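Subject: Handover of a structure and its findings

Dear colleague,

Please find below the structure that I am handing over to you. My findings follow directly after it.

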Amino acid sequence: MLGSRVITAIIELTTGKRINDPTSGMRLFNRAMIHRFAVDDRANPEPETLALLIHEGKRVEEVQVTMRERQGGESYLTLSRSMSYMLRACFSILFVRWFR
């Protein structure tokens, strides 16, 4: 959760919009965004793309949902993978978007 909070803060700092859970696995997109993800190999439904979309003036909204505990299996996120993901997302939000 710490990584998610850091990414939230960086998105708010760079866009002015607060996204409380930018790392959630549940994403819903309209037809135009699905098309964009299909044709633009640089676009993906990750926090850095959410920040880019907000910066471009696209509407990004959050809807409260209740998540159940995992029923089986194990998360692929280990401590090192979580930290790597957070660092990559933060770097991308802060720097890479300027070159897109």
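The side chains of Glu56 and Lys58 form a salt bridge, with N and O 3.9 Å apart; a salt bridge is taken here as a side-chain nitrogen of Lys or Arg within 4 Å of a carboxyl oxygen of Asp or Glu. The model is a predicted one, in which local features need pLDDT of at least 70 and side-chain atom pairs count only at pLDDT 80 or more, while totals for chains, interfaces and linings use all residues. Residues are numbered from 1 along each chain as its sequence is written, and side-chain values use heavy atoms, with hydrogens and water left out.

Glu56 is partly exposed, at a relative accessible area of 36%, and Lys58 is partly exposed as well, at 37%. For these classes, buried means under 20% relative accessible area, exposed means over 50%, and partly exposed lies in between (1.4 Å probe, protein chains only). Glu56 and Lys58 also belong to a network of salt bridges that includes Arg36.

How many salt bridges does the rule give? The count comes to five. Among them is the pair of Glu48 and Arg88, whose closest N and O atoms are 2.7 Å apart. This pair links distant parts of the chain, since Glu48 lies in helix α3 (residues 47–55) and Arg88 in helix α4, 40 residues apart. Helices (H or I, at least four residues) and strands (E, at least two) are DSSP runs, numbered from the N terminus. Glu48 is buried, with a relative accessible area of 6%, whereas Arg88 is partly exposed, with 41%.

Another salt bridge joins Arg42 to Asp40, with 3.4 Å between the closest N and O atoms. Asp40 is located in the loop between α2 (31–39) and α3. Its relative accessibility of 16% places Asp40 in the buried class, while Arg42, at 45%, counts as partly exposed. The side chain of Asp40 also has a polar atom 3.0 Å from the backbone nitrogen of Arg42. A polar contact is a pair of N or O atoms within 3.5 Å; within protein, one must be able to donate a hydrogen and the other to accept it, and residues adjacent in sequence count only if both atoms are side-chain atoms.

I turn next to the aromatic residues. A search of the whole structure finds two aromatic pairs. In the pair of Phe29 and Phe37, the ring centres are 4.7 Å apart and the planes stand at 85°, so the arrangement is edge-to-face. In the pair of Phe91 and Phe95, the centres are 5.2 Å apart and the planes stand at 45°, so this pair is tilted. Rings of Phe, Tyr and Trp (its six-membered ring) pair if their centres lie within 6.5 Å; planes under 30 degrees apart count as stacked, over 60 as edge-to-face and the rest as tilted.

Are the members of these pairs buried or exposed, or partly exposed? Phe37 is buried, at a relative accessible area of 18%, and Phe29 counts as partly exposed, at 25%. Phe91 is partly exposed, with 49%, and Phe95 falls in the partly exposed class with 45%.

Phe91 lies in helix α4 (residues 79–94). Together with Leu13, Leu94 and Phe95, Phe91 forms a nonpolar patch on the surface, with about 420 Å² of accessible area in total. Patches are made of residues with over 30% relative accessible area and no salt bridge: like charges are joined within 9 Å, and nonpolar side chains (Val, Leu, Ile, Met, Phe, Trp, Tyr) within 5 Å. Accessible areas come from the Shrake-Rupley method with a 1.4 Å probe, and for residues only the protein chains shown count as cover.

Ser82 is also in helix α4 and counts as partly exposed, at 29% relative accessibility. Ser82 and Ser4 are 78 residues apart in sequence, and their C-alpha atoms are 9.8 Å apart in space.

Finally, the chain as a whole. It has four helices and zero strands, in the order α-α-α-α along the sequence. Along the principal axes, the C-alpha atoms fill a box of roughly 35 × 30 × 25 Å. Of the 100 residues, 28% count as buried.

With kind regards
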